[in-house]
Amino acid sequence: MQPFRVHSGIVAPLDRANVDTDAIIPKQFLKSIKRSGFGPNLFDEWRYLDHGEPGMDHTKRPHNPQFVLNDPRYARASILLARRNFGCGSSREHAPWALADFGFRALIAPSYADIFHNNCYKNGLLPIVLPESQVDRLFADTYAFPGFQLTIDLERQVVATVDGALAFGFDVEPFRKHCLLNGLDDIGLTLQHADTIQEFEAKRLAEQPWLV
């Protein structure tokens, strides 16, 4: 998993509350468990004017010009700004996979659904929680200034404009912060104890060879 330390990027404003995981990645795209390849289908029903199915050539599909991610201003966005209860609905881990595969590194919203919030950390996405008043301010600035960017410093737990004129602090649990800073998912955490695991297996094999 890619470590998250300091990230600067363009902000895309998704000005909707209660965005559920079926909107983030529709159910027909859940057939793969590779964690990659879901980016083209992120917000599929909102990004395209036709009905999407696996295997379609997305370069030939008609785009919805009214959807924010089709606006050229946000073509290279890597920070998604959203409203309350983002990621509600079913617990599909494909939702953070699709967001990450599209290119997002962090999310900012007043609140998230619990399972989605946890899945983000497990997949290298930083889901930042800010008060609604601060989120409102960021929406206003994103709309007002084309190419609006933020810098997120996880070590300092600060979200700021690139010139430092505006800065907001955010909370993150120490363990989750440690994992993101060091790029550790569940497998990475387990592999930190690889020597101990190998020693245990060797001892078990010597004591109980019939279990091979």
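In helix 4 (residues 114-122), the buried positions are Phe116, His117, Asn119, Cys120 and Tyr121; buried denotes under 20% relative accessible area, exposed over 50%, and partly exposed the range in between, with a 1.4 Å probe and protein chains only. Helices (H or I, at least four residues) and strands (E, at least two) are DSSP runs, numbered from the N terminus. The model is predicted: local features need pLDDT of at least 70 and side-chain atom pairs count only at pLDDT 80 or more, while totals for chains, interfaces and linings use all residues. Residues are numbered from 1 along each chain as its sequence is written, and side-chain values use heavy atoms, with hydrogens and water left out.

The buried residues of helix 4 pack against helix 1 (21-24), helix 3, strand 3 (106-109), strand 4 (126-129) and helix 6 (174-182), where contact means heavy atoms within 4.5 Å. Just after helix 4, Gly124 adopts a positive phi of about 80°.

## Cysteines

The number of disulfides is zero, a disulfide being a pair of cysteine sulfur atoms within 2.5 Å. The closest cysteine sulfur to that of Cys88 belongs to Cys120 and is 13 Å away, which is too far for a bond. Cys120 is likewise in no disulfide. Cys88 is buried at a relative accessible area of 14%, and Cys120 is buried at 0%.

## Arg92

Arg92 is placed in the loop between strand 2 (77-81) and helix 3. With 15% relative accessibility, Arg92 counts as buried. Its side chain joins that of Asp22 through a polar contact of 3.0 Å. Such a contact is a pair of N or O atoms within 3.5 Å; within protein, one must be able to donate a hydrogen and the other to accept it, and residues adjacent in sequence count only if both atoms are side-chain atoms.

Apart from neighbours within four places in sequence, Arg92 is in contact with Thr21, Asp22, Ile25, Pro26, Lys27, Leu30 and Asn119.

## Pockets

The largest pocket holds about 210 Å³ of space. A pocket is an open set of points on a 1 Å grid over the protein atoms alone, where a 1.4 Å probe fits, with protein on both sides within 12 Å along at least five of seven lines; lining residues have an atom within 4 Å of a point. Grid points are joined across faces, edges and corners, and the volume is the space filled by probe spheres set on the points. Of the 15 lining residues, Met1, Pro96, Ala100, Asn123 and Gly124 lie nearest the centre. Helix 3 (residues 94-102) gives the most to this lining, with four residues. By class, the lining comprises six nonpolar, four polar and five charged residues; Ala, Val, Leu, Ile, Met, Phe, Trp, Tyr, Cys and Pro count as nonpolar, Asp, Glu, Lys and Arg as charged, and the others, Gly among them, as polar.

The second largest pocket holds about 170 Å³. Its lining includes Arg137, Asp141, Phe148, Gln149, Thr161 and Leu166, and divides into five nonpolar, three polar and three charged residues.

Thr161 lies in strand 6 (residues 158-161) and is buried at 11% relative accessibility. The C-alpha atoms of Thr161 and Leu150 are separated by 4.6 Å, although these residues are 11 apart along the chain. Beyond residues up to four places away in sequence, Thr161 touches Phe148, Gln149, Leu150 and Leu166.

Gln157 lies in the loop between strand 5 (149-153) and strand 6. Gln157 has a positive phi near 60° in a residue other than glycine, and is buried at 19% relative accessibility.
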